[in-house]
Amino acid sequence: MNSAILSCTGLDKPEGSVAREVAIRMASAAGSEIICPVLLNRSLARYKKVLAENPLIVVDGCSTRCASKLAESLDLKIDRKVLVADGLKSSGLTLEPTLNLGANGLALAQTIVDGLVQSLTAPVSAVLSTAQSTEFPPPREYLVVTHDKFEFRIPTADYWFNENDVWVRPLGGVARVGISDYMQQSLTDINFVDAPAMDLTVEQFGELGTLESSKAVFEVVAPVAGTVVAVNPEVISNPTLINEDPYGKGWIVELKLGNWPEDRELLLNSDAYARSVKHKAEEA
Amino acid sequence: MSEATFMGVARDKITWHPTIDYDKCNFCMECATFCPHRVFEQREGDRRLVVANPNNCVVFCRACSKTCGPDALSFPDKPATIAQIKAIREQESVQ
């Protein structure tokens, strides 16, 4: 799979230098077309053809996410992302404090490259499961919370919420998870979904990936414990589906439930969540 | 922010807020600009950014740390906080 790669310039901190190194190594390891962020910012036309023909990989050094923000400002569709700072934490390495990469920096860059190459060559079925064992009927009725000109819908039945605006819809030992209408409106257009890995086991209130919009990076706080058995491929390719249909086609993951009766005690039903939304909207 | 409870527990009994590592913070103020709950405040002096309203922080939210380039914001351990909330709920249910 060919790709284009846009990285941090690498001139502010060592994590940036790793991002830059990843781009250079991806060019030789996977034939990725390197996109210079400075030139891209100056002349989008220079890269128009490359971007039209290849999925875009964005490599940010730190959480300032300059490369991601540049891509978003130019309305570029991002296929996948890497944050070096996250890779550094999970590697257990300590980066040398210089812009010239040392052994650890180079090792981290290679680890990230290996992961990217693997993800580019892996079949989609290894990353996402599209096979749904259960049919989840869409909500039939909604409560509506109004605040100023805004309306926030909440399904009247079958959906449970945590106070972090994530819903769960259980059905026969599995459950779908997504974010509420209130949260999708707060985030505005979602432009990237960093989904959890298949087979990941998560505790209640653990992290189930992140959603990114121009306003924020939102951590999906797991409303229940469970194991990821499906990731919605539609929201990966079209994240704004979450904005368009947050309780239906915009579901994010399916979990095999771990401890539903106990987890439910720490969740809100529709009425209680409606009160929570009203309060949040008034405070915002 | 007048919200007083989280999962039925008084908010001020739950330890959940960012801590600033002043050795790393470069006072870019991205977090203060981002957080809609006014957890942070800008001040005069060397420490120009402080966690002024820790109980305004939404429990389990770590979004500000995802805006922090120098990685200067940290949060309590989530499982420990969950255990703390469950323990308080249990304690209050028997009272």
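**Entry 1**

I began with strands E10 and E12 (residues 207–213) of chain A, which pair in the antiparallel sense over four bridges. As an example of this pairing, I noted that Asp194(A) has Thr210(A) in E12(A) as its bridge partner. I treat this and every later entry as a reading of a predicted model.

Three strands of chain A form an open sheet in the order E10-E12-E13, and the pairing is antiparallel. I recorded E10 (190–194) and E13 (217–221) of chain A as the edge strands, since each pairs on one side only. The twist averages 25° from one strand to the next.

**Entry 2. The six-stranded sheet of chain A**

I next looked up a second open sheet in chain A, where six strands lie in the order E7-E8-E9-E15-E14-E11 with antiparallel pairing. Its edge strands are E7 and E11 (201–202) of chain A, each of which pairs on one side only.

- Strand E8 (residues 166–171) of chain A pairs with E9(A) over six bridges in the antiparallel sense; here Trp167(A) stands opposite Gly178(A) in E9(A).
- Strand E9 (residues 174–179) of chain A pairs with strand E15 (residues 253–257) of chain A over four bridges, again antiparallel; Ala175(A) stands opposite Leu255(A) in E15(A).
- Strand E14 (residues 226–231) of chain A is joined to E15(A) by five bridges, and the two run antiparallel; Thr227(A) stands opposite Lys256(A) in E15(A).

For reading side chains in such sheets, I kept in mind that in a regular strand they alternate between the two faces of the sheet.

**Entry 3. Helix H12 of chain A**

I checked the length of helix H12 (residues 270–283) of chain A. At 1.5 Å a residue, its 14 residues should span 20 Å, and the end C-alpha atoms are 20 Å apart, which agrees.

Which residues of H12(A) are buried? I found Tyr273(A), Ala274(A), Ser276(A), Val277(A) and Lys280(A) to be buried in H12(A). They cover an arc of only 160° around the axis, which puts them on the same side of H12(A). On the other side of H12(A), I noted that Asp271(A), Arg275(A) and Glu282(A) are exposed.

I also looked up what covers the buried residues of H12(A). The cover includes strands E5 (142–147), E6 (150–155) and E7 (160–161) together with helix H8 (181–187), which belong to chain A.

**Entry 4. Helix H5 of chain A**

I repeated the exercise for helix H5 (residues 84–91) of chain A, where the buried residues are Val84(A), Ala85(A), Gly87(A) and Leu88(A). Seen down the axis of H5(A), they fall within an arc of 160°, so they line one face of the helix. Lys89(A) and Ser90(A) are exposed on the other side of H5(A).

The cover over the buried residues of H5(A) includes helix H1 (14–30), strand E3 (56–60), strand E4 (80–83) and helix H6 (103–121) of chain A. I noted finally that Gly92(A) follows H5(A) and has a positive phi, near 80°.

**Entry 5. Chain B**

I turned to chain B and counted its elements: two helices and six strands. Along the sequence they follow the pattern β-β-β-α-β-β-β-α. The C-alpha atoms of chain B fill a box of roughly 45 × 25 × 20 Å along the principal axes.

Of the 95 residues in chain B, 23% are buried. I also looked at contacts in chain B between residues at least 6 apart in sequence, and 60% of these join residues at least 24 apart.

At the end of this reading I examined Val94(B), which is found in the segment after helix H2 (78–93) of chain B. Is Val94(B) buried or exposed? I recorded Val94(B) as exposed, because 5 other C-beta atoms lie within 10 Å. Its C-alpha atom is separated by 34 Å from that of Val51(B), 43 residues apart along the chain.

**Entry 6. Confidence**

The model has an ipTM of 0.85 and a pTM of 0.86. The mean pLDDT of chain B is 90, and 96% of its residues reach 70 or more. Within chain B, confidence is lowest in strand E1 (residues 5–6), at a mean of 88, and highest in strand E3 (residues 19–20), at 98.

How values were computed:
Residues numbered from 1 in each chain as written. Chains lettered and ligands numbered in written order. Buried ≥ 20, exposed ≤ 12 C-beta atoms within 10 Å, placed from the backbone. Contact = placed C-beta atoms within 7 Å. Expected span 1.5 Å × (residues − 1). Arc of directions from axis to C-beta. pLDDT = per-residue confidence, 0-100. Pairing = 2+ DSSP bridges. Axes fitted to C-alpha atoms, helices over the stretch in contact; angles between N-to-C directions.
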